[in-house]
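Subject: Structure for you to look over

Dear colleague,

I am handing over the structure we spoke about, and below it I have set out what was found. Please read the notes with the structure open beside them.

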Amino acid sequence: MKSIGYGFGGDMLNKRWVSAGISVLGAIFLLAGCGEKRGQRTNGLDTEEMAGHDGCIVVGYAQVGSESDWRTTNTQSFKNIFTEENGYYLIFEDGQQKQENQVKAIRNFILQDVDYIILDPVVETGWEAVLEEAKEAGIPVILSDRTVEVGDESLYSCWVGSNFCEEGIKAGEWLENYLKEQGREDETIHLVTLQGTPGSSAQIGRSDGFEKILKKHSDWVMLEKQSGDFTQAKGQEVMEDFLEKYDDIDVVISENDNMTFGVIDALEAAGKKMGTDGDVIVISFDAVKDALTVMQDEKIMADFECNPLTAPLVEQTIRHMENGEEVDKVQYVEEGYFDYTMDLKSILKDRSY
């Protein structure tokens, strides 16, 4: 698998930095804007909506929603890259965390005869029918961030995003090392997990990855797992429930930063202290800027990056497809992790999200 993208750190193979000006060809195309590349369309987009955009590469983007800070940054990344100045006309649809909304958006894209469909699926299953419709219409589908589970992988051209399972594994390995450094490797450790939206790729991958490390430790006891649906309000609600049930929580695994902010609110309200000298070790995912700020006070001990800037790599993929080139089926963006021991003040100065 090729691993190209950009972000902080990471140890993936074959790294390559990506930017909006991907190549000389891309740069020439950018200068031309939409130009005369495409003629008049025969379907929906030769209406008033498309007036003056006939030369653009038309992209329909079905986003999950706006449930988190990560998602907001991810959406803005696409809006910044897929512009008319860069030769694109973007039709953006917010799925509002509902699969039926995304399916409807894809069908509208097909009716509008777009050139490419980008899908960030809210869950993995239930996509065969609508993706088959896109395939029959001759419209390539690129998956971004989350994946789908289909019997026929030719229903989509490629997937671009994060290695969620690897994120979960790294979180487990970090906890192993931390407990050893603290002289607690032989203690019984009680954990709870706040999972993301059930059935989403991030939830499945992070849960499965951490589980691989959990199984290696008979003295790690997972008290309970609940979904916080990737939102701060739900994260706080779930953590409050955990605190009512259990008085011996040592570690909280929270599968995204927004849920983690809710976790911190609940812990503080309950008088629980976080950090090296505290009652609870909090481990999070996404590594947005606000989370790294909180980490300076050891309220989060480690945070495993999920790079939201997937748009440049998706754009590069479309350039390759426009040139008739083959693209890798799986493409990972570059990612790393952060913990409380790092020079977070310096890192935050250079952090864009």
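Which residues lie nearest the centre of the largest pocket, and how many residues line it? In this predicted model, the lining is made up of 13 residues, and those nearest the centre are Thr147, Ser162, Phe164, Cys165 and Ser201. The elements that each contribute two or more residues to this lining are α5, α6 and β12 (330–332), and the largest share, four residues, is that of α6. Sorted by class, the lining holds six nonpolar, five polar and two charged residues, and the space within the pocket comes to about 200 Å³.

Two of these elements also pack against each other: helix α5 (residues 164–181) and helix α6 (residues 201–214) meet at an angle of about 35 degrees, with their axes 6 Å apart, and their crossing is right-handed. Among the residues that make the contact are Phe164, Cys165 and Gly168 of α5, together with Ser201, Gly205 and Phe210 of α6; by class, the contact has eight nonpolar, five polar and five charged residues.

Elsewhere, an open sheet of six strands runs in the order β8-β7-β9-β10-β11-β13, with mixed pairing, and its edge strands are β8 (220–227) and β13 (337–339). From one strand to the next, the twist averages 15 degrees. Strand β7 (residues 189–195) pairs with β8 in the parallel sense over seven bridges, and histidine 190 has valine 221 in β8 as its bridge partner. Helix α7 (residues 232–245) lies across β7, β8 and β9 (251–254), at about 140 degrees to β8.

With best wishes

How values were computed. Residues are numbered from 1 along each chain as its sequence is written. This is a predicted model: local features need pLDDT of at least 70, side-chain atom pairs count only at pLDDT 80 or more; totals for chains, interfaces and linings use all residues. Side-chain values use heavy atoms; hydrogens and water are left out. Axes are lines fitted to C-alpha atoms, for helices over the stretch in contact, and angles run from 0 to 180 degrees between N-to-C directions. A crossing is left-handed if the near helix is turned anticlockwise from the far one by less than a right angle, and right-handed if clockwise. Contact means heavy atoms within 4.5 Å. Ala, Val, Leu, Ile, Met, Phe, Trp, Tyr, Cys and Pro count as nonpolar, Asp, Glu, Lys and Arg as charged, and the others, Gly among them, as polar. On a 1 Å grid over the protein atoms alone, a cavity is a set of points where a 1.4 Å probe fits but cannot get out, and a pocket is an open set with protein on both sides within 12 Å along at least five of seven lines; lining residues have an atom within 4 Å of a point. Grid points are joined across faces, edges and corners, and a volume is the space filled by probe spheres set on the points. Two strands pair if DSSP finds at least two bridges between them.
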